[in-house]
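The following note sets out points for a colleague who wishes to review the structure shown here. The points are numbered so that each may be checked separately against the coordinates.

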Amino acid sequence: MVETTDASAPADRIRTSGDSEVATYLEIAEAREPGQVLTPAPNAPETVVVLDYGSQFSMLITRRIREASVYSELVPWDAPVEKLNHLKVKAFVLSGGPSSVYEDGAPTLPAYVINSGLPVLGICYGMQLLTHTLGGRVEASGEREYGHAILDLTEAGNPLLKGLPGSLTVWASHGDKVTALPPGFRGIAQSDNSPVAVMTDGAKYYGIQFHPEVVHTPQGDTLIRNFLFEVAHCAGDWTAGNFVEESVQAIRNAVGDGQVICALSGGVDSAVAARLVHAAIGDQLTCIFVDNGLLRLGEAERVVETFTRHLNIKLKHVDATDRFLDVLAGVTDPETKRKRIGETFIHLFEDETKALGTVDFLVQGTTYPDVIESASTGNSAAAKIKTHHNVGGLPKDMRLTLIEPMRNLFKDEVRRVGKELGLPDEMVYRQPFPGPGLAIRIIGEVTREKLNILRRADWILMDEIKKAEVYYDMWQSFAVLTDTKSVGVQGDFRTYGHTIALRCVAAEDAMTADWARLPYDLLAAISTRITNEVREVNRVVYDITSKPPGTIEWE
């Protein structure tokens with residue numbers, strides 16, 4: 001049964017017990033006493049920890065490791081050891097970064113990495129850091145090595161290089177080089193600008209002066225898998241099923257007999273989060289679906305129908321259109337939009353707890369790309385790209401404790417978990433829709449009139465790409481109402497109408513994306529329908545920008 005309420009007017013703030021804190025699926029387990037060395041958690045999956053030194057590819061290293069069915073987490077290089085004691089650490093990877101190890105204030109190698117006795121792979125800056133820490137020497141190169149390079153192996157049969165040819169193409173990006181190896185180390189590969197491009201002590205330490213995690217290193221996956229299975233001897237048994245089992249137990253431990261509400265948007269992230277938490281605590285969970293007035297055409301009705309049909313979960317439908325449009329009135333700055341939407345969401349959920357009694361926890365479908373783009377990993381080297389309403393847009397005085405069970409998952413991993421939980425394909429493979437909704441697809445102030453224009457244009461785009469059977473070929477496809485008007489001719493009349501931009505991209509995880517090469521005939525059909533059926537629009541343009549340099553959304 002769905003309960004529908006109107007939340008146009010804000011109610012008194014509801015204070016719930018507990019301070020606000022972020023909980024991931026492993027971190028919400030019972031806290032352990034901090035120590036000076038790693039204390040492996042017996043029930044956690046084998047984990048390869050990636051220490052982030054500020055490389056733009058750090059997240060990609062984590063992804064490549066997980067693709068090999070080995071769990072991995074990315075943590076700031078200066079994370080204290082107690083932050084890792086919820087993990088069963090099997091090995092460390094040191095990422096690249098923009099610093100030089102010989103400079104004052106350069107990031108250093110935590111003592112617990114060496115003291116652990118575990119295998120370590122240093123990539124680019126990580127290799128230089130290993131060298132510097134263990135007694136070698138790193139100096140500036142006379143010539144920066146950037147782009148494709150040829151790696152020549154000088155030692156056959158090494159475990160890290162197993163199955164690789166004598167020469168291979170790699171991607172390099174560095175201005176320093178190793179000029180003296182640490183005691184007991186030897187070089188086992190070289191390139192034109194790096195006399196030592198791969199080094200090892202012959203046991204557990206390896207350093208490489210290139211990036212195996214990027215697609216520009218075609219055989220990089222082989223090298224990463226060699227480190228995981230030939231050097232670190234990982235089991236490679238981390239699956240969606242493991243994740244579900246571990247998450248369910250961790251959520252039960254954290255929640256106890258507390259009451260939980262879930263911020264349900266109708267997208268795959270919040271759907272999987274809701275289903276996962278419901279599997280752990282059952283009727284202690286109440287889902288709240290907020291129609292913020294910023295949804296696509298017919299979206300609210302579809303969400304309610306889908307969730308009542310597929311999920312036996314308590315659902316409360318709240319119409320808060322007026323409340324959100326009021327706080328967005330006059331706002332044109334994208335960051336302000338996101339923050340106001342995030343704050344309004346949280347305050348609304350706190351208000352809704354009044355009818356539910358004491359509520360302690362709030363579930364959100366935050367994913368890893370959300371966290372990284374909002375620079376919420378704790379790494380001071382990470383630059384914030386934009387605030388996500390469910391990450392950086394949360395109010396500091398929030399009283400609910402957050403449970404974000406998929407905070408460390410990529411989108412494809414979320415989908416695998418959704419399938420494991422038995423969710424239907426129409427939910428699992430739905431294209432992502434941003435939490436701030438159409439507010440960040442309207443450039444400038446958000447008004448009811450603009451929302452009406454954008455909804456109709458967006459519906460035509462979705463209708464045509466579904467008829468062309470290319471919907472599932474793309475990561476996202478949507479319309480943007482720009483703040484540009486232009487002269488046009490419609491019928492026998494001169495017009496001065498709005499410009500709609502179409503944005504269609506292909507991606508694996510939204511960390512990078514490329515614009516979709518849609519057929520010209522399809523683009524022509526979409527444009528013709530929009531300018532004919534949405535009379536306020538007289539021009540349609542197609543966005544052919546990849547990510548980077550652009551982001552997927554315009555705001």
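1. Phe92 and Tyr112 are both buried. The model is a predicted one, and in it these two residues form a tilted aromatic pair, 6.2 Å centre to centre with 45° between the planes. Phe92 belongs to strand β4 (residues 88-94) and Tyr112 to helix α2 (residues 111-115), so that the pair links distant parts of the chain, 20 residues apart.

2. A further pair is formed by Trp515 and Tyr542, here with edge-to-face geometry: the centres are 6.3 Å apart and the planes make an angle of 75°. This pair, too, links distant parts of the chain, with Trp515 in strand β18 (residues 514-515) and Tyr542 in strand β19 (residues 537-542), 27 residues apart. Over the whole structure, the search finds 8 aromatic pairs. Tyr53, Trp77 and Tyr125 form one aromatic cluster.

3. Which residues have the most contacts inside the largest nonpolar core? They are Phe92, Val290, Ile465, Ile500, Leu502, Leu518 and Ile530, in a core of 121 residues. Helix α6 (residues 268-281) supplies the largest share of this core, namely 9 residues.

4. How do helices α5 and α11 pack? Helix α5 (residues 240-255) and helix α11 (residues 411-420) meet at an angle of about 75°, and their axes are 9 Å apart. Because angles of 65 to 115 degrees count as roughly perpendicular, α5 is assigned that orientation relative to α11. The contact brings Ala240, Gly241, Phe243 and Val244 of α5 together with Arg416, Val417 and Glu420 of α11. Sorted by class, the residues of this contact are 4 nonpolar, 1 polar and 2 charged.

5. Is Arg441 buried or exposed? Its relative accessible area is 1%, and since buried means under 20%, Arg441 counts as buried. The residue is placed in the loop between α12 (425-428) and α13 (448-467). Leaving aside residues up to four places away in sequence, Arg441 touches Arg296, Pro432, Phe433, Pro434, Leu454, Gln476, Phe478, Ala479, Val480, Leu481 and Glu553.

6. Ala510 is another buried loop residue: the loop runs between β17 (493-506) and β18, and the relative accessible area of Ala510 is 14%. The C-alpha atom of Ala510 is separated by 7.8 Å from that of Trp475, although the two residues are 35 apart along the chain.

7. Helix α1 (residues 58-67) is mostly covered, with 8 of its 10 residues buried. The buried residues are Ser58, Met59, Ile61, Thr62, Arg63, Arg64, Ile65 and Arg66. After α1 comes Ser69, which has a positive phi, near 65°.

8. For the protein as a whole, the secondary structure comprises 14 helices and 19 strands. Of its 555 residues, 58% count as buried. Among contacts between residues at least 6 apart in sequence, 77% join residues at least 24 apart.

Key: Residues are numbered from 1 along each chain as its sequence is written. This is a predicted model: local features need pLDDT of at least 70, side-chain atom pairs count only at pLDDT 80 or more; totals for chains, interfaces and linings use all residues. Side-chain values use heavy atoms; hydrogens and water are left out. Buried means under 20% relative accessible area, exposed over 50%, partly exposed in between (1.4 Å probe, protein chains only). Helices (H or I, at least four residues) and strands (E, at least two) are DSSP runs, numbered from the N terminus. Contact means heavy atoms within 4.5 Å. A nonpolar core is a set of buried Ala, Val, Leu, Ile, Met, Phe, Trp, Tyr and Cys residues joined through side-chain atoms within 4.5 Å. Axes are lines fitted to C-alpha atoms, for helices over the stretch in contact, and angles run from 0 to 180 degrees between N-to-C directions. Angles under 35 degrees count as roughly parallel, over 145 as roughly antiparallel, 65 to 115 as roughly perpendicular and the rest as oblique. Ala, Val, Leu, Ile, Met, Phe, Trp, Tyr, Cys and Pro count as nonpolar, Asp, Glu, Lys and Arg as charged, and the others, Gly among them, as polar. Rings of Phe, Tyr and Trp (its six-membered ring) pair if their centres lie within 6.5 Å; planes under 30 degrees apart count as stacked, over 60 as edge-to-face and the rest as tilted.
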